[in-house]
Amino acid sequence: MSLHIFGIRHHGPGSARSLRRALEALAPDCLLVEGPPEAAKVLPLLMHEAMQPPVALLLYVADKPELAVYYPFAVFSPEWQALHYALQQNVPARFMDLPQTHRLAEWSARQAEAEAAKQQEPTNAPTNLPEENGEAEATVETAEGEPMNAEPTVNECLPFRVDPIGALAQAAGYSDSERWWEHLVEHRRDSQDLFAAILEAMTALRNDLPSVDEKSELQREAFMRQTIRAAEGEGYQRIAVVCGAWHAPALVETSSAKTDAALLKGLPKIKVEATWVPWTYGRLTYASGYGAGIPSPGWYDHLWHSPDRVAIRWLANVARLLREEDLDASPAAIIEAARLAETLAALRQHPLPGLAELNEATQTVFCFGDDAPMRLIGRKLIVSERLGKVPDDTPMVPLAKDLLREQKRLRLMPEATEKTLAFDLRKPTDLERSHLLHRLNLLSLGWGKTERVYGRKGTFNETWRLQWQPEFSIKLIEAGIYGNTIEAAATARVKEQVNGQVDLPQLTAMLDATLLADLPEAVKALMTRLQNEAALTGDVAHLMGALPPLANVLRYGNVRQTDTAAVAQVVEGMVTRICISLPLACASLADEAAEAMFKLLMETNSAIQLLDNEAQLAEWRKVLARMAEQENLHGLLAGRCCRVLLDGGVLLSEEAARRMGLALSLANEPAKAAAWVEGFLKGSGLLLLHDDKLWQTLDAWVTQLHSDAFAELLPLLRRTFATFAKAERRQMGERVKRGADEKTPVFIGSNEFDSERADSILPLVAQLLGLKVE
């Protein structure tokens, strides 16, 4: 019987290629790989023709899906190549790491203890406990690579405060341990004696560096040794063991079975499920928070698929990408960049150009020293936006299977690359796509986000920005408690929230989202609760905050073929109650309260205009006119009321100028006058540029201010004018520079109105506005 230990880096093309050659030369009759034994049932899927890495093994607690760990694999991962070899050659393959049933059970117990302690602690006492679910969330995030890759990288082992590979790199004259490993192993052409050298180096490091005997690490290595003993007991003669390089010495050390059994005695257990999920190269990087991350997965993928002529093929890919982005990249530039990269490698005494040399050559030759194209190359080539795929018969919860069916039916497949889609809601397929994405948002699975795009108007247009994230697999498992289909789960989730502690604005926002998702049953439950809350709510601020989402509901009703009669009835009652209660609610407000009410007033005004109901609009403007003359009204609100009435045609320009003159009179305090100006002008300065009377009134008030008062009011005035567009501020400055007597130019012509000439432009105006002319 012979035991062969192969210490590897968890994601490295050089390690993977060397390992594959070593296994082919050894021809083992048993393969043991560092990984979770619970994944044995899904391991055969690795050879499925539809399996396309990067993928990840996902292990989660059956009753608490939020407690989960990922085991990512790329095509250049040594473990992937070892398992692929074993399954291809019908060699028994097993995972040998400490089962996650024990490790996740410990995390679950710690989470329960933290929650119990938090509940017992007084609310006003300081606490050093983690936030709610903090320990569990740490499992999901930081343990993506930790459980399988016990040392997050080859050069960063958790039980040691000293970087072991860093010490070797420093001795070799390298300041960067990653580059040392890459040049020593990943670019290596001759793999003979590589793993013996790694084992010898790691043995020396473990003997010389001070250790911190973490129990979890000792238990992991004890379980690995037990697995090896079990394989030996079954009569296997050539056992190949693939593990993280740091663990290799611990697996050849003589340790009694009794000692290992004592370490593993009494470990807690919990039920764990395993499956495969798609992964992305972006999630294999350090920047994603993955402990065993690598800096350049796209580059490593290139090294795996292009073992020869690495530099020239990489630069050809760079040139292709730049040309796709309409940037110049000629064949001559490829040749020049390749020569420069090879020269840099020779100067640095490297056998071949590495990524650093190729990046320098690319930036010099292709980018002319500019960093912007390099960021594009980094995102799309060095890291890569590749998203893996798993077979359809991979174990999934019913909710995930339903989503997969919907994605195929609607031809809306997930991609790691962010993309923007424009939907025409008049088309049945686009409407169903919109329903699906809105339902997923209700389940807190934000695959897509709506965004506003200028130039695309109309309620039938909807623009989405989509990007799939690997963690959505966990969220689908969590949401599976609500139902077996996306529609049923979203409906149940909304009903649960409706029965919880939600206020009126939250209910209306939820109703808007639910109608967009086309969930009739959930809408019924929402409307019942909404009608009750609206009837009982006496807070006018809540009523005003609830109105805009309902206005959007009525706006989208016809396009989405939804019945909004009940919503219209609720809106009518809310508008009436707002108009009755608003004057009293706005009386004698402090500055902060006035600013909050200003925002609500603006949103309510926009919502009522959106409703396009003449009776409601007239009632609203009547209330604003009464408030504009209210003595105890904050200047910010009084100014905005006058502005809304002026924009709506209720006030003439002369009347607005008269009211501004009264507000800015010496009888009023400067601060109140400045607040009135802010309320009247905030957001748009065009009115000042085109109305001479308003300009002159404001100019006269500013010029007559005392220097002390002007210095006091200057920040407020600056804040107001900062809301104007840059072009508006520039025009105002030019007008002030020209002098106080400058007037707005007007066209002087015939006083007679030429109706025929006016009629001639109506078709063009109608076309611009999207109207039909009969």
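Me: Over how many bridges do β1 and strand β6 pair?
Reply: This is a predicted model. In it, β1 pairs with strand β6, which covers residues 238-244. The two run in the parallel sense, and the count of bridges between them is seven.

Me: Which residue in β6 is the bridge partner of F6?
Reply: F6 has its bridge partner in β6, the strand of residues 238-244 that pairs with β1. That partner is V242.

Me: Which strands stand at the edges of the open sheet?
Reply: Four strands form the sheet, with parallel pairing, in the order β1-β6-β2-β5. A strand at the edge has a single partner strand, so one side of it is left without a neighbour in the sheet. The strands placed this way are β1 (2-8) and β5 (93-95).

Me: By what angle are neighbouring strands of this sheet turned against each other on average?
Reply: The direction of the turn is ignored here. Taken on average over neighbouring strands, the angle is 20°.

Me: Are α24 and α26 roughly parallel or roughly antiparallel to each other?
Reply: Helix α24 spans residues 591-611 and helix α26 spans residues 635-647. Their axes lie 9 Å apart, and the helices pack at an angle of about 15°. Angles under 35 degrees count as roughly parallel. The two helices are therefore roughly parallel.

Me: How do the residues of the contact of α24 with α26 divide?
Reply: From α24 come A594, E595, M597, F598, L601, M602 and N605. They meet L636, L637, R640, C641 and V644 in α26. By class, the residues of this contact are nine nonpolar, one polar and two charged.

Definitions and conventions. Residues numbered from 1 in each chain as written. Predicted model: local features only at pLDDT ≥ 70, side-chain atom pairs only at ≥ 80, totals over all residues. Heavy atoms only, no water. Axes fitted to C-alpha atoms, helices over the stretch in contact; angles between N-to-C directions. Parallel < 35°, antiparallel > 145°, perpendicular 65-115°, else oblique. Contact = heavy atoms within 4.5 Å. Nonpolar A, V, L, I, M, F, W, Y, C, P; charged D, E, K, R; others polar. Pairing = 2+ DSSP bridges.
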